[in-house]
Amino acid sequence: LIVWLLYSPSSITMSATHRSEQEMKRNMKQKLKEASTPLEKLRCQCLARGAAGIKGLGRTFKIFDDDGNNQLCFEEFSKGLHDYGVYLDDDSEYREVFEQFDVNQDGSLSFDEFLKALRPPMSKTRMRMVRQAFQKLDKDGNGRITIDDLKGVYDVTRNPKYISGEMEEDELLLEFLNSFDTPGRGDGKVEWDEFVSYYSGVSASIDTDTYFVLMMTQAWKL
């Protein structure tokens, strides 16, 4: 069953936002019970919040990054995890993760590299499809998707909310962009890194490359 095909091309990915996220949340909660490494435990907890769960952790880390260098000490790292509501079993597991990314052994880690490692890995085939979709949406090629980029590419005219008059085109386009972001924290644009992070979460609930390619092809008419 292709759960993304509910209304029209314009609403496919909005349907995916809800349906695939619910499936992913269930899967990640189950995988958390089986997770054997601290990194896997953190990944499952983040993605149990939805495809933007890893990005949400990044936003929390940025609060502790006073000088803007994307580095955190151990205390900031562990407190950031706690504040976001993701936990490990004991201090040794926090230390294990921290030391894994403290590559210079100077008592700090790059939380950008840590967040990238949290993403579920995607095959080259899946990454190629994600890249194609992003390039199609990023009409001006500046590395970010905005409402202006989506106009003419993402048709909302058959969306039930548009037909009923409940929402205007710009409101629906903004709703779509915000689906890639942390709930309640949308900024009206999606950059490549955010796009990959989102689809790495979606990918985690799809077993085969064939199914993922079909979903992306039909959703974005690639």
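**Chat notes on a predicted model**

Q: How many helices and strands are in the chain?
A: The chain has twelve helices and four strands. Both are DSSP runs numbered from the N terminus: helices are H or I with at least four residues, strands E with at least two.

Q: What does the chain average in pLDDT?
A: 84, with 88% of the residues at 70 or above. pLDDT is the predictor's confidence in each residue, from 0 to 100.

Q: Which element has the lowest mean pLDDT?
A: Helix α1 (residues 9-34), at 70. Helix α7 (residues 124-137) has the highest, 95.

Q: Where does pLDDT stay under 50?
A: Over residues 1-12. The model has 33 contacts for that stretch beyond four places in sequence. A contact means heavy atoms within 4.5 Å.

Q: Switching to cysteines. How many disulfides?
A: Zero, by the rule used here. That rule asks for a pair of cysteine sulfur atoms within 2.5 Å. For Cys44, the nearest cysteine sulfur belongs to Cys46, 9.6 Å away.

Q: Is Cys44 buried or exposed?
A: Buried, at 6% relative accessible area. Buried means under 20%, exposed over 50%, partly exposed in between (1.4 Å probe, protein chains only). Cys73 is partly exposed at 25%.

Q: What share of the chain is buried?
A: 48% of the 222 residues.

Q: Now pockets. How much space lies in the largest pocket?
A: About 430 Å³. A pocket is an open set of points on a 1 Å grid over the protein atoms alone, where a 1.4 Å probe fits, with protein on both sides within 12 Å along at least five of seven lines. Points are joined across faces, edges and corners, and the volume is the space filled by probe spheres set on them.

Q: Which residues lie nearest its centre?
A: Lys55, Lys62, Asp112, Asp193 and Glu194, out of 17 lining residues. Lining residues have an atom within 4 Å of a point.

Q: Which helix gives the largest share of that lining?
A: α3, with five residues. α3 (53-64), α6 (111-118) and α11 (192-203) each supply at least two.

Q: And Asn69, where is that found?
A: In the loop between α3 and β1 (71-72). The C-alpha atoms of Asn69 and Ser110 are separated by 8.4 Å, though 41 residues apart along the chain.

Definitions and conventions:
Residues numbered from 1 in each chain as written. Predicted model: local features only at pLDDT ≥ 70, side-chain atom pairs only at ≥ 80, totals over all residues. Heavy atoms only, no water.
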